[in-house]
Amino acid sequence: MSKIKMGFDIGNNRMKIAISRAGKLEFHDIRLPENMVENGGITMPNTFAEFLKSTRKTLKLPRGEAALVLPSDQVICRLVTMPWMTEEQLLLNLPYEFYDFIQGDTDKYFCDYAICDDLPLPEEEEARLLEAAASREDPLEDLFQDPRQGLTQSVSQAPAQSLRQASTQDLAQASAQDLTQDPFQEVTMMAAAAAKEQLYQYIHMFSRAGIRLKILLPQEMALIALVKKHSKGLQHWPPDYCFIDLGHVSTKIIVVYHDRIQATRQIAMGGRNLDAAIADHLEIDTFLANSYKINNYQNILESPVCQEIFNRIAVEILKVINFYQFTYPDSRLDGVYLAGGGANVKPLRQIIRDTVGMELLPVDELLPKTEEDTFACLSGLFAAGVSMAEKGD
């Protein structure tokens, strides 16, 4: 298997790059030319390819394969449950799970999936099952009496893969074995859909810049890659991981549990709103206002106009977390991880922590060894996640 060396995350305002050198991660956060990206889409592909080529030479990026985080506006990723079937049948039916996203001919879209493992059991339930199993000759005899409660052991122990988790042979064998026993057998998976034209455009732009783009993943799958790596080292039942992406256009809350997205919500408010408020307050253009924000020029971030936006974002985040905990009363959120460019705005971080009432967990604990400061890790979290993906994983 070939390990990806570079991960790219192209935002609406900045491009983040995570690079693996000698087993360590390094990050680069580069401001994009104005109007090059709009709503997650690259408006000037040729210009971006030249910009990327120049960036590659300036940073002396290593040769090798690269991975890209797909913007949330360009791909949809969700948890779905479907009956067991052959892979050919699955790929034929998968587009209908995205009827609200796919427009026109389904052949113009690429759909992929990652089969989820059985969820780990809470300590109390696990202890009860082990005690019950000890009284039987065959400990697995009645573990899955109702097949709708989980997959059979042979399927649930299939090795995890990055975006395609079961080969044609694996899925066909499972289908042949299990569907003959019970026609209601189901499988849970993370599924994604994106326009082929958009994917080919990314591959072509990176190729023109001298970079071989081999893996393209949704943000959600990049976070799952991070969580799965981190969970392997835990000695206890893994918690829920709550990520808050403080982006330029919007704020996105994603809760990852094990190998699946448990919840996601997007708030139409981000760094762009802050830039606009600063520009109106100081009567300057938004491009200059962005620089004022980054450098906290004349303590602008402490001004009432900025504080108002910080509070609005924090309150919306609190609403989402409260709803999640109400919906999943057994969930265990030990804190939240902030990501994205907005996570570098210290006053915003402070207000989120005070409003939500949860600890801001250090994102560097999710990453391999790095000498970068914490703020670099915050911006490059998605890029780091996709850089850790492996072909054939």
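# Strands, helices and ring pairs in a predicted model

S11 and S12 form a hairpin with four residues between them. They belong to a predicted model. Its protein chain holds 13 helices and 14 strands. Of the 393 residues in the chain, 49% are buried. Take the contacts with a separation of 6 or more: residues 24 or more positions apart account for 71% of them.

- Strand S12 covers residues 251–257, and seven of its seven residues are buried.
- Thr251, Ile253, Val255 and Tyr257 point one way from S12. Lys252, Ile254 and Val256 point the other way. Residues on both sides of S12 are buried.
- Strand S11 (residues 240–246) pairs with S12 in the antiparallel sense, over six bridges.
- Phe243 has Ile254 in S12 as its bridge partner.
- Strand S13 (residues 260–267) also pairs with S12. The sense is antiparallel, and there are seven bridges.
- Val255 stands opposite Ala263 in S13.
- S12 and S13 form a hairpin with two residues between the strands. In this hairpin, His258 takes a positive phi near 60°.

**Strand S10 and its partner**

- Strand S10 runs over residues 212–218. Five of its seven residues are buried, so the rest of the structure largely encloses S10.
- Strand S6 (residues 65–70) pairs with S10 over six bridges, in the parallel sense.
- Leu68 stands opposite Leu216 in S10.

**Aromatic rings**

- Seven aromatic pairs turn up in a search of the whole structure.
- One of them joins Phe48 and Phe206. Their ring centres are 6.5 Å apart and their planes stand at 55°, so the pair is tilted.
- Phe48 lies in helix H1 (residues 45–59), and Phe206 lies in helix H6 (residues 196–208). The pair therefore ties together parts that are 158 residues apart in sequence.
- Both Phe48 and Phe206 are buried.
- Another pair is Tyr324 with Tyr328. Here the ring centres are 5.0 Å apart and the planes stand at 40°, so this pair is tilted.
- Tyr324 is buried, at 4% relative accessible area. Tyr328 counts as partly exposed, at 31%.
- Tyr324 has 4%, so it is buried. Tyr328 has 31%, so it is partly exposed.
- Phe8, Phe48 and Phe206 form one aromatic cluster.
- Phe287 has a charged neighbour: Arg31 lies over the face of its ring, at 3.8 Å from the ring centre.

**Helix H9**

- Helix H9 spans residues 286–295. Ala289, Asn290, Tyr292 and Lys293 are buried there.
- Seen down the axis of H9, its buried residues fall within an arc of 160°. They therefore line one face of the helix.
- What do the buried residues of H9 pack against? They pack against strand S2 (14–21), strand S3 (24–31) and helix H8 (271–282).
- Asp285 caps the N-terminal end of H9. A side-chain oxygen of Asp285 lies 3.0 Å from the backbone nitrogen of Phe287.

**Val305 in helix H10**

- Val305 is found in helix H10, which spans residues 304–327.
- Is Val305 buried or partly exposed? Its relative accessibility is 25%, so Val305 counts as partly exposed.
- Leaving out residues up to four places away in sequence, Val305 touches Ala277 and His281.
- Val305 and Ala277 are 28 residues apart in sequence. In space they are 6.4 Å apart, C-alpha to C-alpha.

Note on methods. Residues numbered from 1 in each chain as written. Predicted model: local features only at pLDDT ≥ 70, side-chain atom pairs only at ≥ 80, totals over all residues. Heavy atoms only, no water. Buried < 20%, exposed > 50% of the residue type's maximum accessible area, 1.4 Å probe, protein only. Pairing = 2+ DSSP bridges. Phe/Tyr/Trp six-rings, centres within 6.5 Å; stacked < 30°, edge-to-face > 60°. Lys NZ or Arg CZ within 6 Å of the ring centre and 35° of its normal. Arc of directions from axis to C-beta. Contact = heavy atoms within 4.5 Å. Polar contact = N/O pair within 3.5 Å; in protein donor to acceptor, adjacent residues only side chain to side chain.
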